[in-house]
Amino acid sequence: MFPRPGRSLGSVIEIPEELVRSQANFNGDAGRAFIAALPGRAERFLDEWGLRLNGPSMYGWASLVLPVVRADDGVPAALKLQLLDEESAGEGLALRTWAGDGAVRLLAEDPATGTLLLERLDETRHLSTMEDDRAAVGILAELLARLVAVEAPAGLRGLGEVAARMLAEVPDAVKLLGDEDDRRVLLDCAAAVREVMGEPGDRLLHWDLHYDNIPAAHPDDPREPWLAIDPKPLAGDPGFDLLPALTDNFDPAQTLWRFDLMTEVLGLDRDRARAWSLGRVLQNGLWDIEDAVEEGEEPELDEEQVLIARNLLAR
């Protein structure tokens with residue numbers, strides 16, 4: 001998330017135009033309603049939690065983050081305002097479960113809206129700024145190993161349910177692909193998932209741990225060099241969490257050594273991790289097909305995802 005200019009709605013906050021567009025494009029009427037409600041929601045929680053703004057708005061495609069300080073003790077924090085959905089609903093629960101061990105600390109939460117008050121990190125420096133990819137992958141792997149060492153709390157959606165839903169969609173989805181190689185990759189990924197879905201796992205997964213979701217700690221409180229943010233939590237097998245690190249600064253020649261490094265650091269069975277990584281390619285492919293159909297375009301799989309799948313399948 002980075003500061004960007006945007007539209008001023010009310011006297012409290014500035015909402016970046018990119019966030020306005022992404023919410024309308026991805027969430028339709030619900031996204032537009034979320035944007036319209038943001039000024040009032042921000043004002044509410046600034047008041048209820050005793051906060052004052054001290055910087056420009058920051059954003060991802062799904063949320064607005066306001067740099068704040070707590071009025072009573074001057075502690076810097078970040079107020080995260082987001083649309084409550086299937087993915088964001090478990091974020092507070094996951095952060096409470098990790099309790100700051102490898103992840104950003106949760107300071108306050110409003111479960112009804114998904115609004116979070118988080119410890120402030122260094123928004124100017126993410127793992128993506130590191131030039132040495134091998135070192136960056138190692139840091140990500142060590143952080144991920146700590147996160148998935150924790151058993152998922154009750155109440156999170158499970159990987160078994162996600163996998164079953166994906167496999168049910170494959171027969172219709174594969175018919176929409178015009179390219180024979182794309183069809184074969186999708187079917188091979190589905191076959192790999194079928195082999196392991198009987199043991200979906202029970203670890204607390206981040207689901208979206210890539211370089212830009214690993215910022216540095218705040219310089220005034222460097223309790224750890226790097227911390228994870230923005231989990232989309234899931235209960236499941238840690239192998240399902242590896243794919244984002246294969247796509248950062250994508251280079252197909254790095255797929256296998258990155259995969260090997262992560263499985264070694266996490267202590268995973270490589271065959272199972274390979275199958276669940278192919279499951280992530282399957283998930284992304286199904287989303288690509290769905291998006292193309294909605295846009296009236298010819299469905300095809302993402303080239304990077306296909307290359308990753310082929311490398312893993314060849315292994």
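## Ground rules and confidence

Contact here means heavy atoms within 4.5 Å. With that in hand, D260 touches R270 and R315, once residues up to four places away in sequence are set aside.

What you have is a predicted model, where local features need pLDDT of at least 70 and side-chain atom pairs count only at pLDDT 80 or more, while totals for chains, interfaces and linings use all residues. Numbering starts from 1 along each chain as its sequence is written, and side-chain values use heavy atoms, with hydrogens and water left out.

The score itself, pLDDT, is the predictor's confidence in each residue, from 0 to 100. The protein chain averages 93, and 96% of the residues score at least 70. Residues 1-11 are another matter: their pLDDT is below 50, although the stretch has 40 contacts in the model beyond near neighbours in sequence. Where pLDDT is low, the predicted coordinates should not be read in detail.

A word on labels: helices (H or I, at least four residues) and strands (E, at least two) are DSSP runs, numbered from the N terminus. Two strands pair if DSSP finds at least two bridges between them. By that rule, β8 (residues 106-110) and β9 (residues 115-119) pair in the antiparallel sense over four bridges. E109 has L116 of β9 as its bridge partner, and A108 stands opposite L117. These two strands form a hairpin with four residues between them, and G114 in the turn has a positive phi of about 80°.

Strand β9 also pairs with β7: four bridges join them, and they run antiparallel. Here A78 stands opposite L118 of β9. How many residues of β9 are buried? Five of the five are, so the strand is largely enclosed by the rest of the structure. (Buried means under 20% relative accessible area, exposed over 50%, and partly exposed in between, with a 1.4 Å probe and protein chains only.)

## A77 up close

A77 lies in β7, which covers residues 76-82. Its relative accessible area is 0%, so A77 is buried. Leaving aside neighbours within four places in sequence, A77 is in contact with L66, P67, V68, L107, L117, L118, E119 and R120. For a sense of scale, A77 and L261 are 184 residues apart in sequence and 34 Å apart in space, C-alpha to C-alpha.

## Helices α3 and α7

Two packed helices are described by the angle between their axes and the distance between the axes. Helix α3 (residues 133-148) and α7 pack at about 35°, with axes 9 Å apart. The axes are lines fitted to C-alpha atoms, for helices over the stretch in contact, and angles run from 0 to 180 degrees between N-to-C directions.

Which residues make the contact? From α3 come D133, R134, V137, G138, L140, A141, E142, L144, A145 and V148, and from α7 come W257, R258, L261, M262, V265 and L266. They divide into 11 nonpolar, one polar and four charged. In this count, Ala, Val, Leu, Ile, Met, Phe, Trp, Tyr, Cys and Pro are nonpolar, Asp, Glu, Lys and Arg are charged, and the others, Gly among them, are polar.

At 19% relative accessibility, D260 counts as buried.

## Q283 in helix α8

Q283 is found in α8, residues 270-294. Is Q283 buried or exposed? At 7% relative accessibility, Q283 is buried. Apart from neighbours within four places in sequence, Q283 is in contact with V162, M166, W207 and F240. Q283 and S22 are 261 residues apart in sequence and 21 Å apart in space, C-alpha to C-alpha.

## Two loop residues with positive phi

D230 has a phi near 55°, a positive value in a residue other than glycine. You'll find D230 in the loop between β12 (215-217) and β13 (234-236), and D230 is buried, with a relative accessible area of 13%.

N249 also has a positive phi, about 45°, although it is not a glycine. N249 lies in the loop between α6 (243-247) and α7. With a relative accessible area of 43%, N249 is partly exposed.
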